[in-house]
Amino acid sequence: MSITTTPLFEFQHVTQRFKLPQGDLTVLDDVTFSAQEGEFIAIVGPSGAGKSTLLRLINGLLPPSSGTVLYKGKPQHAINLETAMVFQNFALLPWLTVFQNIELGLETRMSDPNARRKRVEYYIGKVGLDGHEEAYPRELSGGMKQRVGLARALAVEPEVILMDEPFSSLDVLTSINLRDELLDIWSDRDNLLNTVVMVTHMIEEALELADRILILSRKPGIIAADLKVDLPRPRDKRDPAFIEMVDKVFSLIA
């Protein structure tokens with residue numbers, strides 16, 4: 001007897017259009033796919049393919065123009081509080097400290113200020129921000145700002161974290177360190193977080209991190225390929241199998 005598992009989230013024939021003065025713009029067209037709990041999914045594709053729009057549909061920030069987004073088998077009609085976003089531009093409030101920026105997402109979820117403080121302190125330690133609690137964003141490097149964004153997302157203890165090119169504006173060494181730390185956090189079963197969906201324009205980054213890659217075509221975005229990455233971790237970019245997959249993904253995008 002076969003056992004079926006309900007996907008964590010699922011897109012069923014989702015199309016997304018935006019109304020513009022010159023007419024409707026179709027960004028995503030008839031997108032269908034599902035994700036299981038515990039997956040690390042990377043989304044790649046050319047500019048304008050609808051990658052960021054896909055994240056916002058998962059998060060519930062956008063309702064689909066047509067089709068259905070399901071979460072744990074139920075249609076999603078509002079912002080999904082079991083997901084959290086990490087943005088490319090950090091999206092920190094400059095007048096708040098590191099501690100206050102991380103605490104912000106908890107204020108409507110946790111009424112006890114002592115519980116909030118303990119939660120924030122825990123995730124400050126988790127992302128290596130100890131000693132910077134009272135710093136303001138202007139006093140932080142790009143890497144430190146993204147650590148704040150990651151801690152803010154983790155602090156609401158989501159099941160799914162959605163990342164929109166989170167490392168693209170950082171220097172190479174900082175990006176490498178944060179990618180390693182992200183994998184450590186995702187693989188730590190003590191965390192409620194179990195699923196990551198990340199948009200990236202860097203093919204090597206997608207292959208280094210993800211165990212599955214969705215490739216979107218040029219707009220309107222459709223899923224041109226859905227690849228499973230079976231390479232063992234940690235992944236070696238000099239491995240011929242890694243290089244072969246880079247070439248394969250590049251050819252599918254191109």
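In the lining of the largest pocket, strand β6 (83-86) and helix α4 (142-155) each supply at least two residues, where helices (H or I, at least four residues) and strands (E, at least two) are DSSP runs numbered from the N terminus. The model is a predicted one, in which local features need pLDDT of at least 70 and side-chain atom pairs count only at pLDDT 80 or more, whereas totals for chains, interfaces and linings use all residues. Residues are numbered from 1 along each chain as its sequence is written, and side-chain values use heavy atoms, with hydrogens and water left out.

A pocket is taken, on a 1 Å grid over the protein atoms alone, as an open set of points with protein on both sides within 12 Å along at least five of seven lines, a cavity as a set of points where a 1.4 Å probe fits but cannot get out, and lining residues as those with an atom within 4 Å of a point. Grid points are joined across faces, edges and corners, and a volume is the space filled by probe spheres set on the points. The largest pocket has a volume of about 380 Å³ and is lined by 18 residues, of which Thr-83, Ala-84, Met-85, Phe-87 and Arg-109 lie nearest its centre. Its lining comprises 11 nonpolar, 5 polar and 2 charged residues, with Ala, Val, Leu, Ile, Met, Phe, Trp, Tyr, Cys and Pro counted as nonpolar, Asp, Glu, Lys and Arg as charged, and the others, Gly among them, as polar.

The second largest pocket holds about 170 Å³ of space, and its lining includes Gly-45, Pro-46, Ser-47, Gly-48, Lys-51, Glu-165, His-201 and Ile-253. Helix α1 (residues 51-59) gives the most to this lining, with 3 residues, and by class the lining of the second largest pocket has 3 nonpolar, 7 polar and 2 charged residues.

Helix α4 also packs with helix α5 (residues 172-187), the two axes coming within 11 Å and crossing at roughly 15°, where axes are lines fitted to C-alpha atoms, for helices over the stretch in contact, and angles run from 0 to 180 degrees between N-to-C directions. The two helices α4 and α5 are therefore roughly parallel to each other, a term that applies to angles under 35 degrees. Contact, meaning heavy atoms within 4.5 Å, is made by Gly-143, Gln-146, Arg-147, Leu-150 and Leu-154 of α4 and by Thr-174, Leu-178, Glu-181 and Ile-185 of α5. These contact residues divide into 4 nonpolar, 3 polar and 2 charged.

Leu-154 also lines the largest cavity, together with Tyr-123, Glu-157, Pro-158, Asn-191, Leu-192 and Leu-193. About 30 Å³ of space lies in this cavity, and its lining has 5 nonpolar, 1 polar and 1 charged residues.

Two backbone features occur in loops. The peptide bond from Arg-233 to Pro-234 is cis, with omega near -5°, and Pro-234 lies in the loop between β10 (223-228) and α7 (240-253). Lys-72, although not a glycine, has a positive phi of about 50° and lies in the loop between β4 (66-71) and β5 (74-75).

Conventions: Angles under 35 degrees count as roughly parallel, over 145 as roughly antiparallel, 65 to 115 as roughly perpendicular and the rest as oblique.
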